Amino acid sequence: MMKKKMISLVLAGVMATVLLSGCGGASGTSSKGNDDTAAGGSNTLTVWAWDSQFNLYAMEEAAKIYQKDHPDFQLNAIEITWDDLQTKIGTIVGSGDYSQLPDICLMQDYAYQKYVTIYSDLFQDITDSGIDFSQFPEGKLAASVVDGKNYGVPFDNGTDVAIYRTDILEEAGYTLDDLTDIDWNRFIEIGEDVYAKTGYSLLSVQTGSSDMIYQMMQSAGKSTWNEDGSPNIAGNEYLKQCLEIYKQMADKRILEVVNSWDEYVATFTSGKTAGVLNGCWIMVQLESAEELSGKWGITNVPSLPGVDGATNYTNQGGSTWAITTNCSNVELAADFLGSTFAGSTELYDTILPGAGAIATWLPAKNSDVYNQPVEYYGGQAVYSMIADYASKVPSVDLGIFYTEANAALATVVGNILGGADIASELETAQSTVEFNMR
């Protein structure tokens, strides 16, 4: 009840935020047809998504598979940036004219809870659609489940991987096994030794980002939110522990802090760090350094020391396909998504080599394609490994105000690197988030 009250109080403020958020790039270009939701009639579905070479590529491959049994099916795929998609949805909600919505749109996992919770008439409840949601990891499903109901079909995998230069580890006297199933205390011990012997930091991060803190928290199943929807930041012992680990690693040069995304990527592609820890989508960046093929190995991430239920698995990023309430043929849309993204090994076997899109649909990990050894990672069957990791990621409530909390914690991270007191910074962050929620 308290959570519902809070949501109703902030409705107007969030509406304004959505209307004003992001205007980068064109408002959208169609890869098939034009921006007409009804184009092609009842057998046509219109889809909005960003990134033609990844998300729309996957959607178009799904359509080809679905057309084998449904030859009259047509897809009207429209490319639109994530910022522009948010702006369009905000404008549509503000006008009350939902007829401008597509049938299906792609939603960022970290933002989807906010949209479903606040705009309860915007997306379809597909809990009873026949889709087997048990074939997706609980941690991934959390982004699209509200009040026990399913509002989307999970898509791309954001499961974290720890990737290390095995040649540098060997130089320091370690193997990949030494960094598998360990906690952050052991990681720091190894990191200090590797740095002393080789001059390489084990990891790097971009300044002004709190992503690593969230990754640590989720691995232990811990959240920055209370059950009533209020922020749990000040006095959060797990959050404090994560920040202490972060600061210790930076001080000991185990963690290299850089100023920009390009610098971050360069740390592991051009030889400043001996590793990278991020969502598995980072592998595309890593593999751009072709000369390092065979020198990398993948394993799981360190766990939080001394925490009951702590795991070596977490997640960063990802997205979900959602059916809007403007869809005139919900049965078709649900069957299409259920037969492809929630039911086709062929689809995931196609888009893995075609775009590097790794499944969160668990049966995909059993295919021959997913179990092929990958030369870049020393012959490991990394895609099957990652799909297995995904099944072990704890489910955590990111909260409908994830963006506001993330920004506040990013400030905390920057300040503690400059010597600020962690407890005081968390109190300030709590106040900041509470103010922005109001």
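User: Which residues of helix 14 are buried?
Analyst: Heads up, this is a predicted model: local features need pLDDT of at least 70, side-chain atom pairs count only at pLDDT 80 or more, and totals for chains, interfaces and linings use all residues. Residues are numbered from 1 along each chain as its sequence is written, and side-chain values use heavy atoms, leaving out hydrogens and water. Helix 14 is mostly covered, with seven of its nine residues buried (under 20% relative accessible area with a 1.4 Å probe, protein chains only; over 50% is exposed, and in between is partly exposed). They are Val-382, Tyr-383, Ser-384, Ile-386, Ala-387, Tyr-389 and Ala-390.

User: Which strands are at the edges of the open sheet?
Analyst: The sheet has three strands in the order 11-8-12, paired antiparallel; two strands pair if DSSP finds at least two bridges between them.

User: What is the bridge partner of Tyr-164 in strand 12?
Analyst: Strand 8 (residues 160-165) and strand 12 run antiparallel and are joined by four bridges. In strand 12, Tyr-164 is partnered with Gly-297.

User: What angle does helix 14 make with strand 12?
Analyst: Axes are lines fitted to C-alpha atoms, for helices over the stretch in contact, and angles run from 0 to 180 degrees between N-to-C directions. Helix 14 packs on the sheet, touching strand 8 and strand 12, and its direction makes an angle with that of strand 12 of about 25°.

User: How many residues of helix 8 are buried?
Analyst: Met-212, Tyr-214 and Gln-218 are among the buried residues. Helix 8 is mostly covered, and of its nine residues the number buried is eight.

User: Which helix gives the largest share of the lining of the second largest cavity?
Analyst: A cavity is a set of points on a 1 Å grid over the protein atoms alone where a 1.4 Å probe fits but cannot get out, and lining residues have an atom within 4 Å of a point. The lining residues include Trp-184, Gln-215, Met-216 and Ser-219. Three of the lining residues, the largest share, come from helix 8.

How values were computed
On a 1 Å grid over the protein atoms alone, a cavity is a set of points where a 1.4 Å probe fits but cannot get out, and a pocket is an open set with protein on both sides within 12 Å along at least five of seven lines; lining residues have an atom within 4 Å of a point. Helices (H or I, at least four residues) and strands (E, at least two) are DSSP runs, numbered from the N terminus. Contact means heavy atoms within 4.5 Å.
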